[in-house]
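Q: I'd like to learn how to read a protein model. Can you walk me through one, feature by feature?
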Protein chains: 2
Amino acid sequence: MIKKYIYGNPFPTDAVVKDIAKSEDKLPFFETDNNGTFTFGLSEDDIVYGLGEQIRGINKRGWQYVSWNYDNPNHHEDARSLYGSHNFIIISGRQTFGAFFDYAGRMEFDIGYTRRSKMQIKAEKNDLIVYIITGENEKDIVKQFRQLIGKSYIPPLWAFGYGQSRWGYKNEQDIRTVARQYKASGIPLDSIYLDIDYMEHYKDFTVDRERFTDLGKLTADMKAQGIRLVPIIDAGVKIEKGYDIYEEGVQNNYFCKNADGGDFVGAVWPGRVHFPDFLQPRARKWFGKKYSVLTKLGIEGFWNDMNEPAIFYTEDRLADTCAEIENLTSGNMGIDEYFAFTGMVAGLNGNIGDYDKFYHNINGRMINHREVHNLYGMNMTRSAFEALQEICPEKRTLFFSRSSYIGAHRYGGIWQGDNKSWWSHILQSMQQLPALNMAGFLFTGSDTGGFGCDTTEDLVLRWLQYSLFTPLFRNHSAEGTRMQELYCFDNVNAAAEMIKIRYRLIPYLYSEFLKAALNDEMMFRPLAFDFHDDPMAKQVDDQLLLGNELMIAPVYRQNAQGRYVYLPEEMMLIRMKSSNEHITEILPKGHHYVDIALDELVFFIRSKKSVPFGKAAYNTSEIDMNSLDLLGYPDSSYVLYSDNGISPVSDDSLSISELRK
Amino acid sequence: MIKKYIYGNPFPTDAVVKDIAKSEDKLPFFETDNNGTFTFGLSEDDIVYGLGEQIRGINKRGWQYVSWNYDNPNHHEDARSLYGSHNFIIISGRQTFGAFFDYAGRMEFDIGYTRRSKMQIKAEKNDLIVYIITGENEKDIVKQFRQLIGKSYIPPLWAFGYGQSRWGYKNEQDIRTVARQYKASGIPLDSIYLDIDYMEHYKDFTVDRERFTDLGKLTADMKAQGIRLVPIIDAGVKIEKGYDIYEEGVQNNYFCKNADGGDFVGAVWPGRVHFPDFLQPRARKWFGKKYSVLTKLGIEGFWNDMNEPAIFYTEDRLADTCAEIENLTSGNMGIDEYFAFTGMVAGLNGNIGDYDKFYHNINGRMINHREVHNLYGMNMTRSAFEALQEICPEKRTLFFSRSSYIGAHRYGGIWQGDNKSWWSHILQSMQQLPALNMAGFLFTGSDTGGFGCDTTEDLVLRWLQYSLFTPLFRNHSAEGTRMQELYCFDNVNAAAEMIKIRYRLIPYLYSEFLKAALNDEMMFRPLAFDFHDDPMAKQVDDQLLLGNELMIAPVYRQNAQGRYVYLPEEMMLIRMKSSNEHITEILPKGHHYVDIALDELVFFIRSKKSVPFGKAAYNTSEIDMNSLDLLGYPDSSYVLYSDNGISPVSDDSLSISELRK
């Protein structure tokens with residue numbers, strides 16, 4: 001059951017799609033001071049799940065999190081905010097219930113941080129809606145919540161293929177080289193990503209014609225090889241006379257405004273920009289239509305970036321900083337002045353004070369950005385999604401975004417942002433997946449191999465062995481770091497086999513994705529969601545259930561040649577060094593130490609279950625959903641969801657069939 | 001056997017105390033290009049141990065490390081340098097041997113980073129000595145190496161007590177409050193640390209008389225309660241007319257010089273400073289004698305900081321940066337200019353280019369700092385140690401340092417630097433211990449609870465359960481972070497019990513420390529060093545053997561209520577929630593999942609062994625080495641090393657007795 005409690009005058013976030021009557025009874029579970037603060041006493045064994053894209057473990061206890069979408073490339077243990085705000089939690093323990101705090105501004109979640117036995121949730125203003133969800137168990141609560149917030153976005157099938165990305169491939173030749181090298185190495189590939197360098201001076205919906213002479217031809221050439229190009233789109237629009245997007249935006253008041261009514265100026269990649277007011281339906285519509293500039297060139301997928309929105313600096317803060325620098329550095333700069341100096345410069349980026357400086361036009365009323373900050377990225381993706389529904393209604397377009405709020409899951413996926421080539425970030429990605437699924441974000445994944453910092457071959461291999469299970473499966477790295485295209489390393493074959501195994505697993509992954517999306521379920525779940533009465537299952541935070549048939553337990557420590565795995569029931573271990581061969585072993589319920597060599601994939605099939613395993617494919621277009629083996633227990637069956645992978649999913653297009661072993 | 005190979009014209013580092021004849025045969029194991037590069041082919045199963053204070057696991061394979069002492073508060077997975085340079089490694093596998101690269105400048109250790117199967121070690125110049133050590137096994141190789149580099153420093157017994165520190169306790173009252181609160185909470189305490197705020201304007205060997213009116217009286221009052229004050233000493237000397245240290249240094253040419261012969265200027269806490277030329281014996285002697293300013297006030301211990309040396313900025317680089325900032329920020333600052341701007345400011349601190357700018361006077365010859373950089377911190381600690389031998393020869397003084405080189409282990413301990421309140425930093429500290437012990441650094445430990453960032457109560461508790469085993473056992477945190485004195489949290493009793501257990505274990509810890517120091521052994525060892533033929537033992541990187549009787553396996557993950565433990569032999573599990581009670585359980589060799597509640601200490605006693613366990617004590621002065629129980633297996637015995645805890649250790653002062661259970 002879902003109950004809705006309204007406080008003050010909430011801004012309509014569009015997170016929720018179901019109209020529910022307001023409850024008149026007292027808010028259960030929480031104490032509230034009617035000042036935006038909600039308090040709950042935690043029992044020693046209570047587990048708190050959720051918060052979507054956040055740091056730390058599956059159990060969120062013991063930290064203070066802040067919902068404030070933030071371009072934060074440092075996903076450190078002490079981070080408080082990342083790119084998205086997903087204010088849905090489940091408390092599981094003495095009392096089990098879900099709570100969604102639908103609020104567009106800044107919120108704090110102190111989950112046993114200040115005091116171990118107290119959870120205190122605080123909205124900056126007392127203008128929010130709280131939904132309390134009770135149900136049979138965690139899965140039931142999630143299902144009810146997901147029905148409340150609407151169906152998750154489903155990308156085209158090709159988006160489940162492997163993608164190669166890097167900031168930055170500088171020109172057409174770089175792209176062709178990637179395609180050629182993958183081909184030469186015999187590694188399947190479905191997409192290559194275009195980061196900011198394809199644009200002319202980082203201007204949205206332009207192409208640098210010197211470095212990418214004919215993007216249409218390049219796109220077609222690539223597509224002939226089964227490779228889609230996926231360009232990036234940034235939130236900020238360069239201020240440049242004569243640049244059509246800029247001119248149209250200014251003329252039509254599509255941009256966010258200063259207090260004095262002028263267009264707000266921030267700075268990002270191109271330097272000075274205006275930010276489209278994506279909260280205005282007419283601005284959304286305008287900006288969304290621009291994607292056709294690229295779809296006309298054959299583009300079928302996009303990633304939306306910098307839409308927290310990221311602001312490297314604002315001019316007045318920069319001017320103040322420069323003046324203060326002169327002041328601070330004029331005498332003998334000791335500790336206080338030195339920290340002030342370096343702190344000011346480091347604090348230019350994403351300075352929370354800058355988000356007070358601009359306004360959205362909501363039905364003629366100027367709303368300060370700070371109050372609706374967390375909705376910006378969501379509405380950028382919405383802009384694209386809704387426009388593409390009109391531009392090419394016959395097919396699904398790939399979309400994923402960096403910034404999001406609950407509701408954005410209906411319009412696109414998200415990637416897990418600018419992680420680093422750190423071993424701990426394999427686990428961090430994994431621990432986010434169930435929380436993201438709870439919030440409706442099914443199409444997601446991490447930058448395989450790590451975005452920032454230098455990677456190593458063994459890290460890439462271990463990362464592949466994890467992320468080959470995630471819907472979004474992309475290798476991405478940052479300028480200035482070591483190249484990490486799979487052909488760069490010594491044991492190319494080991495990496496190639498992992499990608500080939502992915503392709504053989506796509507029928508399963510895609511089918512489970514469709515089930516999760518269409519039935520409002522989680523594709524990735526903590527063990528405790530399915531093994532509710534098993535106290536050990538509640539402890540496990542480095543294994544996940546994937547769909548209804550698999551359990552994954554990847555290696556995420558350097559030089560480890562194996563790991564401990566807890567089986568909450570008897571399972572079948574599958575061991576693969578090659579996509580063509582596997583070894584199986586039935587292991588009993590309980591604790592196991594499992595050897596896993598660096599070039600070896602290990603996963604587990606649940607008792608009496610099996611998963612469809614496709615024939616070898618170098619591209620998603622070669623995957624034959626009608627020719628599948630079943631991998632797993634004898635006498636088992638599997639219900640396969642499939643479709644043509646292209647058209648919008650409907651009852652007509654969906655095929656459900658039972659496979660028997 | 002140790003063989004010595006000389007390349008070029010090495011700078012004498014004083015790392016080694018034994019004179020060994022130069023080998024004329026070809027360097028074994030490594031290929032060298034006689035250009036400072038040494039290459040070794042790694043077999044798939046080779047393990048590389050060592051490198052002392054470095055990041056990553058016990059097995060150093062898979063990263064590129066750089067020996068370049070660096071004030072690096074970000075002990076991230078991608079760090080390449082920390083505060084010390086300890087160029088000793090053991091390769092264990094197809095061939096097992098040790099190698100020490102005695103070189104005072106910058107060195108790279110690419111241990112299977114660029115190519116997984118290749119180790120490439122590179123000195124900036126081909127002026128170094130390489131020692132190759134072969135032996136029966138890893139322990140034997142370490143013992144030979146330790147005999148080569150001389151006996152490790154032994155602190156007084158009180159240094160094994162618990163210490164409370166914070167940057168910054170601002171005044172006398174803050175110190176008295178800490179002492180009173182510990183007393184009131186019934187938590188043992190032996191020391192309180194004085195960070196930079198006790199000084200007048202961060203000037204070495206001064207005391208701010210406004211905030212610390214009478215440090216002598218404070219020291220005496222504290223000592224009457226069994227608490228020693230331990231002040232910090234920084235490397236840089238403030239430039240200030242009339243300040244005696246500054247004046248004497250200038251007059252006598254005790255400071256490092258510019259190329260033109262003037263005193264080099266860097267900036268640290270007080271702003272502009274000169275750096276004592278600790279590589280000059282006469283400057284060492286001069287600076288060392290200044291410690292008597294504080295010993296006269298009753299001080300018996302010091303920590304030496306900022307001695308990489310840390311340089312926040314140099315004036316010319318700051319001037320260049322400011323000019324460039326003006327330039328970069330004058331137009332439309334886009335991505336390139338923005339990154340240049342923020343990068344320049346962030347790059348002021350510890351900029352490697354600044355270390356080229358100054359010189360040491362070595363017997364009248366000016367040696368560029370860059371060539372001897374890694375020796376600076378070592379010689380600062382040496383300066384203090386040698387002076388205190390003269391000032392108070394009758395007793396051992398506590399010393400530890402941030403920066404070090406091998407050889408510094410003879411003069412003092414080191415702490416593991418400015419870590420963070422991150423769960424992963426419990427493990428990082430633990431993984432450094434064996435490598436530090438290999439290099440002779442026995443008196444060491446991490447900032448319990450974490451220095452930077454905000455801590456949590458559960459992190460502090462879990463950290464205590466690890467660090468109560470380390471010789472240096474200090475809670476330390478940074479300005480601006482959450483207070484983490486143990487009385488700040490809800491369950492003070494749980495923390496108090498952990499400290500009380502520490503005090504009951506001190507007889508064992510101190511005895512094992514003495515054995516390791518006097519017999520050139522490691523106090524903390526990887527399991528594989530003792531269980532050489534056990535392939536699983538080689539894999540374990542989150543458990544350590546402590547002395548000859550214990551194994552530790554702390555919990556280092558938030559919300560975990562237990563962990564996996566591998567026993568390489570049958571052991572006795574000891575479980576304690578209180579210092580007065582324990583539960584024992586014999587566990588067989590093999591894998592175990594062990595429940596460990598948040599307020600519970602678990603450790604393991606090796607088969608047929610036992611450890612001395614003292615009576616309750618609130619201070620090390622109360623520890624009675626003659627009244628010990630034996631905890632562990634029946635019919636076992638333990639050889640206890642003890643002394644009066646104060647005088648320099650000699651054959652006369654040392655008592656060795658066998659305890660029987």
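This is a predicted model: local features need pLDDT of at least 70, side-chain atom pairs count only at pLDDT 80 or more; totals for chains, interfaces and linings use all residues.

Q: How many salt bridges does a search of the whole structure find?

A: Over all chains, the search finds 105 salt bridges. Take Lys3(A) and Asp25(A), whose side chains meet in one at 2.3 Å, N to O. Lys3(A) sits in strand β1 (residues 2–7) of chain A, while Asp25(A) is in the loop between β1 and β2 (31–32) of chain A, so this pair ties together parts that are 22 residues apart in sequence.

Q: Which residues make the contact between α7(B) and α8(B)?

A: From α7(B) you get Asp320(B), Thr321(B), Glu324(B), Ile325(B) and Leu328(B), and from α8(B) come Glu337(B), Ala340(B), Phe341(B), Met344(B) and Val345(B). Sorted by class, the contact of α7(B) with α8(B) has six nonpolar, one polar and three charged residues.

Q: What angle do the axes of α11(A) and α12(A) make?

A: Helix α11 (residues 424–438) and helix α12 (residues 457–467) of chain A have axes that come within 10 Å and cross at roughly 15 degrees. Angles under 35 degrees count as roughly parallel, so that is the label for α11(A) and α12(A). The crossing of α11(A) and α12(A) is right-handed. On the α11(A) side, His425(A), Ile426(A), Ser429(A), Met430(A) and Leu433(A) meet Leu459(A), Arg462(A), Trp463(A) and Tyr466(A) of α12(A). In that contact of α11(A) with α12(A), six residues are nonpolar, two polar and one charged.

Q: And at what angle do α12(A) and α13(A) cross?

A: Roughly 5 degrees, with the axes of α12(A) and helix α13 (residues 492–518) of chain A coming within 10 Å. They are therefore roughly parallel to each other as well. The α12(A) residues in this contact are Leu461(A), Leu464(A), Gln465(A) and Ser467(A), and those of α13(A) are Ala494(A), Ala495(A), Met498(A), Ile499(A) and Arg502(A).

Q: Last topic, the backbone. Are most peptide bonds cis or trans?

A: Most are trans, and most residues other than glycine have a negative phi. In this model, the peptide bond from Trp167(A) to Gly168(A) is cis, with omega near 10 degrees. Gly168(A) lies in the loop between β12 (162–164) and α2 (172–185) of chain A. In chain B, the bond from Trp167(B) to Gly168(B) is cis too, with omega near 5 degrees.

Q: What is phi of Asn559(B) near, and where is Asn559(B) placed?

A: Its phi is near 70 degrees, a positive value in a residue other than glycine. You'll find Asn559(B) in the loop between β29 (550–552) and β30 (562–567) of chain B.

Methods:
Residues are numbered from 1 along each chain as its sequence is written. Chains are lettered from A and ligands numbered from 1 in the order in which they are written. Side-chain values use heavy atoms; hydrogens and water are left out. Contact means heavy atoms within 4.5 Å. Helices (H or I, at least four residues) and strands (E, at least two) are DSSP runs, numbered from the N terminus. Ala, Val, Leu, Ile, Met, Phe, Trp, Tyr, Cys and Pro count as nonpolar, Asp, Glu, Lys and Arg as charged, and the others, Gly among them, as polar. Axes are lines fitted to C-alpha atoms, for helices over the stretch in contact, and angles run from 0 to 180 degrees between N-to-C directions. Angles under 35 degrees count as roughly parallel, over 145 as roughly antiparallel, 65 to 115 as roughly perpendicular and the rest as oblique. A crossing is left-handed if the near helix is turned anticlockwise from the far one by less than a right angle, and right-handed if clockwise. A salt bridge is a side-chain nitrogen of Lys or Arg within 4 Å of a carboxyl oxygen of Asp or Glu.
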